[in-house]
Amino acid sequence: MNARLIDGFTRHHRTLDRAFEYARRATEAKDFVRARATFQEFRDAIERHMGAEETWLFPAYEARHGNDNALTSILRKGHRDLRGFFEEIAEALSQGDGEEGVALIDTVGQILHHHDEKEEQEFYPAVAALVDDPTPALTALKA
């Protein structure tokens with residue numbers, strides 16, 4: 001098993017959690033300049049994260065288990081759903097709607113928590129056994 005892959009992606013989840021919390025606090029404080037900036041930083045980072053999974057990890061897993069397997073199908077759907085919520089959050093922040101922004105952020109926080117758990121408990125251990133060199137995927141997290 002490739003512990004570097006599991007550790008790198010799991011640590012990146014914690015980094016994303018902190019960035020998301022900064023955006024939440026700024027939104028709750030109705031500091032919309034800071035909220036928009038911190039949310040955009042989070043969004044850029046999570047796009048790198050999801051992109052690395054979609055480019056490197058999902059194909060490695062699907063090469064072994066097929067493209068129509070339940071695990072990556074669920075995770076891909078989760079990514080699509082999250083991207084939709086990110087659009088809604090960005091819109092609420094651009095309109096200065098702190099109440100809607102916080103409500104959306106709280107909802108997304110719960111979704112992210114469950115999504116991350118599934119990745120960390122099921123997907124990363126399974127895909128780590130299939131990836132010889134995690135360097136490209138780990139590098140993509142920092143790009």
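Analyst: Phe42 touches Leu16, Ala19, Phe20, Phe86 and Leu112, leaving aside residues up to four places away in sequence; contact means heavy atoms within 4.5 Å. This is a predicted model, in which local features need pLDDT of at least 70 and side-chain atom pairs count only at pLDDT 80 or more, while totals for chains, interfaces and linings use all residues. Residues are numbered from 1 along each chain as its sequence is written, and side-chain values use heavy atoms, with hydrogens and water left out.

User: How many residues has the largest nonpolar core, and which have the most contacts inside it?

Analyst: A nonpolar core is a set of buried Ala, Val, Leu, Ile, Met, Phe, Trp, Tyr and Cys residues joined through side-chain atoms within 4.5 Å; buried means under 20% relative accessible area (1.4 Å probe, protein chains only). Here the largest has 21 residues, and Phe39, Phe42 and Phe86 have the most contacts inside it. Helix 2 supplies the largest share of this core, 7 residues. Helices are DSSP runs (H or I, at least four residues), numbered from the N terminus.

User: At what angle do the axes of helix 1 and helix 5 cross?

Analyst: Two packed helices are described by the angle between their axes and the distance between the axes. Axes are lines fitted to C-alpha atoms over the stretch in contact, with angles from 0 to 180 degrees between N-to-C directions. The axes of helix 1 (residues 3-28) and helix 5 (residues 135-142) come within 10 Å and cross at roughly 15 degrees. Helix 1 and helix 5 are therefore roughly parallel to each other (angles under 35 degrees).

User: Which residues of helix 1 and helix 5 make the contact?

Analyst: Helix 1 contributes Arg4, Leu5, Gly8, Phe9 and His12, and helix 5 contributes Thr135, Ala137, Leu138 and Leu141.

Notes. Helices (H or I, at least four residues) and strands (E, at least two) are DSSP runs, numbered from the N terminus. Angles under 35 degrees count as roughly parallel, over 145 as roughly antiparallel, 65 to 115 as roughly perpendicular and the rest as oblique. Buried means under 20% relative accessible area, exposed over 50%, partly exposed in between (1.4 Å probe, protein chains only).
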